[in-house]
Amino acid sequence: MAKETDMNARSIKKLVREGELVAEVEVSLVEAEGGWTPYLSLLDAYKLDDVRDALRAGDVKRASHLADHIYRLTPVEA
């Protein structure tokens with residue numbers, strides 16, 4: 001029989017940057033005893049990849065459906 005492990009998940013915001021666009025994406029970090037923790041679920045990893053692909057293609061509309069917020073970076077004159 002497989003041994004049960006206690007797992008906890010907590011939500012965090014990850015930033016995905018492509019060029020001058022940045023997306024803020026909410027994902028869950030899973031923490032468990034032993035192994036390499038914390039880690040992302042497979043679905044959250046795919047979500048980050050999909051947002052990155054959408055930003056890379058310039059498809060802000062698609063990225064905004066997956067992300068909480070989309071930002072455009074602008075340089076500051078010093």
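This is a predicted model: local features need pLDDT of at least 70, side-chain atom pairs count only at pLDDT 80 or more; totals for chains, interfaces and linings use all residues.
Strand S2, which spans residues 21–32, takes part in several pairings. With strand S1 (residues 7–18) S2 runs antiparallel, and 12 bridges join the two; Met 7, for instance, has Ala 32 in S2 as its bridge partner. The two strands make a hairpin with 2 residues between them, and Gly 19 in the turn has a positive phi of about 65°. S2 also pairs in the antiparallel sense with strand S4 (residues 69–72) over 4 bridges, and here the bridge partner of Val 22 is Tyr 71 in S4. A further antiparallel pairing, of 2 bridges, joins S2 to strand S3 (residues 39–40); in the hairpin that these strands form, 6 residues lie between them and Gly 34 takes a positive phi near 75°. S2 is mostly covered, in that 9 of its 12 residues are buried.

Tyr 39, with which we began, is found in strand S3 and is partly exposed, because its relative accessible area of 35% falls between the limits of 20% for buried and 50% for exposed residues. Leaving out residues up to four places away in sequence, Tyr 39 touches Met 7, Ser 28, Leu 29 and Val 30. Of these residues, Ser 28 is 11 residues from Tyr 39 along the chain, and the C-alpha atoms of the two are separated by 8.4 Å.

Leu 48 is in contact with Lys 14, Val 16, Val 25, Val 27 and Leu 40, once its neighbours within four places in sequence are set aside.

On the surface, by contrast, Leu 42, Leu 43 and Tyr 46 form a nonpolar patch with about 380 Å² of accessible area together. Leu 43 is found in helix H1, which covers residues 42–57, and counts as exposed because its relative accessible area is 68%, where the cut-off is over 50%.

Side chains of opposite charge can pair when their charged atoms come close, and a search of the whole structure finds 6 salt bridges. One of these is between Lys 13 and Glu 26, whose side chains meet at 3.6 Å, N to O; the pair links distant parts of the chain, with Lys 13 in strand S1 and Glu 26 in strand S2, 13 residues apart. Lys 13 is partly exposed at 42% relative accessibility, and Glu 26 is partly exposed at 35%. Together with Asp 68, these two residues are linked in a network of salt bridges.

The side chains of Glu 18 and Arg 56 also meet in a salt bridge, at 2.9 Å, N to O. Because Glu 18 lies in strand S1 and Arg 56 in helix H1, this pair ties together parts that are 38 residues apart in sequence. Arg 56 is exposed, with a relative accessible area of 53%. The salt bridge between Arg 52 and Asp 49 (3.3 Å, N to O) lies within helix H1, where the two residues are 3 residues apart, about one turn of the helix. Arg 52 is partly exposed at 28% relative accessibility, and Asp 49 is partly exposed at 36%.

How values were computed: Residues are numbered from 1 along each chain as its sequence is written. Side-chain values use heavy atoms; hydrogens and water are left out. Buried means under 20% relative accessible area, exposed over 50%, partly exposed in between (1.4 Å probe, protein chains only). Two strands pair if DSSP finds at least two bridges between them. Patches are made of residues with over 30% relative accessible area and no salt bridge: like charges are joined within 9 Å, nonpolar side chains (Val, Leu, Ile, Met, Phe, Trp, Tyr) within 5 Å. Accessible areas come from the Shrake-Rupley method with a 1.4 Å probe; for residues, only the protein chains shown count as cover. A salt bridge is a side-chain nitrogen of Lys or Arg within 4 Å of a carboxyl oxygen of Asp or Glu. Contact means heavy atoms within 4.5 Å.
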